[in-house]
Amino acid sequence: MTDVQAIIDAIALGAVYALVAVGIGLVFGVMRLINFAYGELITAGGFTLWWLRDQPAAVAILACFAVVIALSLAMERVAFRPLRRASPATMLVATFAISFTLQSIYLLIFGPRGNPVSTLSGLQGAVNIGSLHIRWITFVSLGCGAALLLGTAFILDRTNIGLHMRAAATDFRTSRILGVRANRVIAFAFLISGFLAASVSVLLTVEDQLVTPDYGVSITILALIGVVVGGLDRLWSATLGGFAMGFATSLFGDLLPAGSRVYLPSIVFGAVILVLILRPPGLFAPSRRPVERM
Amino acid sequence: MPEAAAPALEFDAVEVRYGAVPAVRGLSLRIDRGEFVGLIGPNGAGKSTTLLAAMGVVGVSAGEIRLLGRPVRGRAPEDVARAGMALVPEGRHIFANLTVEENLRLGLAARRGRNEVAQDLARIYDLFPAVRESLRRNAGALSGGQQQQLAIARALLARPTVLLLDEPSLGLAPTVVQAVFGVLHEIREQGVTILLVEQRAEVTIRAADRTHVLANGELRLSLTPADAGDTERLAAAYLS
Amino acid sequence: MSAGARARIDTVVEFLGPALLIVLVAVIGSFTSAAREIEFRNALVNAAIVIALYVFIGNSGVISFGHISFVAVGAFLAGVITIEGQSKQFVLPNLAPFLKHTTIGSWASLGLAAAVGAAYALIVGIPLMRLSGLPAGIATFAVLGITYNVLRYWDAIGPGPLTLSLVPETTTIWVACGGTLIAAAVAFGYQKSRAGRMLRATREDPGAARAAGIDVYRQRLLAFTLSGALAGFAGGLLVHLFGSITTDQVYLNLTFITLAMLVIGGVASLLGATLGALLVSGLNSFLSDAENGVDIGFHLKLRGGTSFVVLGIFMALVLILRPSGITGGRELRLPRRRRPVTKR
């Protein structure tokens with residue numbers, strides 16, 4: 001594999017990680033809540049695709065979006081709304097608990113062995129451009145990733161609800177005083193974040209076809225680390241951090257010699273610790289800004 | 001009570017506690033429509049708390065607060081805002097990373113009905129020319145006085161019945177303070193009821209129809225503009 | 001009764017809370033069948049782990065996701081170093097020479113596990129204790145990730161991805177009881193000490209504590225190291241309980257469960273840590289039984305795997321409905337008689 005190819009693959013994976021980062025970052029912005037259970041949304045999407053594997057791809061994908069968005073909104077309404085006043089520690093462990101519960105439910109329903117998804121397996125095919133051998137999924141990931149990120153940016157920048165979300169993320173209390181509806185803004189954040197999770201599950205299942213109960217866990221943990229390392233306080237720095245994480249994971253995975261490749265997680269985690277010690281607000285964060293709470 | 005006769009804002013034996021500590025005790029205050037009422041007092045007297053309680057930001061542990069005759073106790077701040085009460089918070093709290101225009105648009109969130117927004121904007125630009133000139137700039141780049149104007153403009157865009165202001169003169173030069181108070185008079189002329197919380201006793205007593213002194217969570221004296229020079233009475237009220 | 005005597009009685013009662021719970025569980029467990037008894041021993045070792053967690057998280061208010069690293073290191077070390085010599089050479093051929101040729105008794109292995117847990121925690125804590133809040137959580141999580149990764153692939157210090165077995169099973173019900181009591185005593189001694197009280201002050205208001213001259217970093221590092229020692233010790237108890245250990249047993253699942261036990265019991269008290277661990281362990285056992293069919297007035301049989309779901313929902317419910325945990329962060333107190341307040 002040439003270096004150019006490795007870089008293109010890394011950018012594509014970075015794009016997918018960036019989507020996860022936005023999903024996590026949006027909810028954090030309005031609620032100051034780190035949703036560990038985000039990965040379960042991705043897993044739910046994967047299982048939906050498997051469940052409807054005999055249906056036409058369009059039907060399966062539509063159902064995937066419906067299920068994941070519904071689950072995301074339900075999570076907010078049932079589990080996170082009562083927790084809005086809790087301490088950060090309690091919130092963290094609670095999202096952990098919900099993640100654990102959902103994984104156990106998946107285990108109960110679908111069993112421990114992976115279920116194969118074949119919805120868009122056509123995208124596994126590749127095309128040759130010059131000396132490069134690029135799979136269709138790479139193009140689709142790049143394209144969809146870019147489109148979704150731009151779409152989210154558009155919503156945030158140009159719409160009223162987007163303005164309300166940005167205000168809520170900056171200073172929730174003052175926003176409410178001005179009339180911004182807390183419940184609506186938070187629900188909308190979960191809506192978009194669910195939409196993004198569904199997209200990730202569709203893109204991810206093309207290459208990683210076996211959906212297990214813990215399917216979404218590792219990408220969520222890594223993207224979350226990327227978000228914190230990139231800078232939690234601003235959405236764009238969080239997204240950049242997520243992208244960087246995906247990019248680095250893919251690139252180092254390809255470029256490391258085979259023997260030490262098993263220690264890739266340790267190298268990544270070690271780098272994370274280094275960044276957190278040397279620059280706690282995050283690599284891409286601007287100067288230190290106080291974080292307003294609700 | 002029919003709405004027409006109801007006072008604009010009424011505090012009825014209101015008590016607010018932070019944990020076990022009472023910040024406001026037995027506060028009863030009636031403000032009729034179109035009145036301009038001032039609230040002064042020493043630091044920690046509970047003035048800000050009174051406004052925050054009216055807005056639903058802090059909880060009321062006893063008593064009732066009524067906006068146009070309807071109780072607002074226990075309602076979320078955004079609901080109180082949509083019912084016609086606007087608060088210009090202490091420290092202004094404008095969104096520094098958003099443009100001036102976006103800050104103003106946020107003020108529309110509590111507004112009932114999108115008609116006549118253009119007219120209101122025109123009137124606001126008349127009152128606050130500095131705001132009109134800096135629409136595209138980031139609000140964080142404005143001076144303190146300009147930010148204060150923006151905060152008031154933003155609150156006005158919601159077409160509130162009652163306007164609450166928490167120490168608008170904080171950190172502002174005397175000339176700027178005069179300008180702000182001048183604006184308050186114009187706003188009152190347009191029919192908005194005003195409850196002003198301030199540190200600067202003199203200028204408040206002169207401006208408001210009546211001014212009350214809040215000390216230690218309780219309402220003490222009531223002063224009119226005629227009492228503006230009477231420092232003895234004022235000192236007694238603060239220290240009692 | 002003098003105020004001093006009253007205070008001493010209060011202190012004793014405070015410690016009796018967790019201590020009696022531990023002893024009670026051990027006593028009940030000693031009267032059950034051999035198969036059952038393991039569950040009681042497991043509950044006690046869980047309590048030891050959660051107590052270790054509490055020493056840091058409860059007193060400092062900083063969340064650490066990495067403490068199971070210290071349990072892991074303690075478990076693997078205590079395990080490897082107590083396997084009988086001949087079998088060890090055969091089963092773990094790539095082991096470093098020191099580990100390959102040394103075999104010590106179980107008691108000594110517990111002490112070694114505590115020492116290594118403390119050393120690892122100290123090394124990790126020196127850079128990390130400057131952090132708080134979310135960065136601290138992420139950084140300690142990264143430590144967990146590194147520990148898991150290294151233990152899984154470095155066969156000079158352990159079995160790698162394979163199960164470490166043939167470890168002497170010396171954690172009897174009374175060893176578990178004693179070990180957990182020791183952990184509770186150390187935790188209690190610390191929280192009553194000046195250092196412990198200083199750290200608790202930083203939890204309520206770090207700014208004020210700093211202004212009062214408390215060295216936040218130093219106190220946190222001290223608590224972190226102490227809790228690392230206790231965690232390593234608990235890891236030793238763990239490996240001698242099952243006679244085996246794998247990296248997956250001391251990774252995400254255990255991290256989540258022990259953290260949830262602590263929060264459910266009440267993050268800020270030793271009683272909370274102990275109660276949470278024992279209660280949730282008990283609930284877990286009951287639910288596992290129910291999967292095989294159990295009679296509680298009526299016959300209850302849950303589908304395999306339901307126990308985790310119920311446990312997760314229970315944990316989420318407690319966190320939502322009573323966020324400060326069952327104990328509300330309080331220790332056991334004797335009820336006080338109200339004395340009339342004299343007006344001046």
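Where is the place of L68(B) in chain B?

Mentor: Happy to. First, this is a predicted model, where local features need pLDDT of at least 70, side-chain atom pairs count only at pLDDT 80 or more, and totals for chains, interfaces and linings use all residues. Residues are numbered from 1 along each chain as its sequence is written, while chains are lettered from A and ligands numbered from 1 in the order in which they are written.

Now, L68(B) sits in the loop between β4 (62–67) and β5 (70–71) of chain B; strands here are DSSP runs of E, at least two residues, and helices are runs of H or I, at least four, numbered from the N terminus. Its phi is near 55°, a positive value in a residue other than glycine. Most residues other than glycine have a negative phi. L68(B) is also buried, because 20 other C-beta atoms lie within 10 Å. The cut-offs are 20 or more other C-beta atoms within 10 Å for buried, 12 or fewer for exposed, and partly exposed in between, with C-beta atoms placed from the backbone.

A13(B), though, lies in strand β1 (residues 9–18) of chain B, and A13(B) is exposed, with 11 other C-beta atoms within 10 Å.

The C-alpha trace of chain B spans about 50 × 40 × 35 Å along its principal axes.
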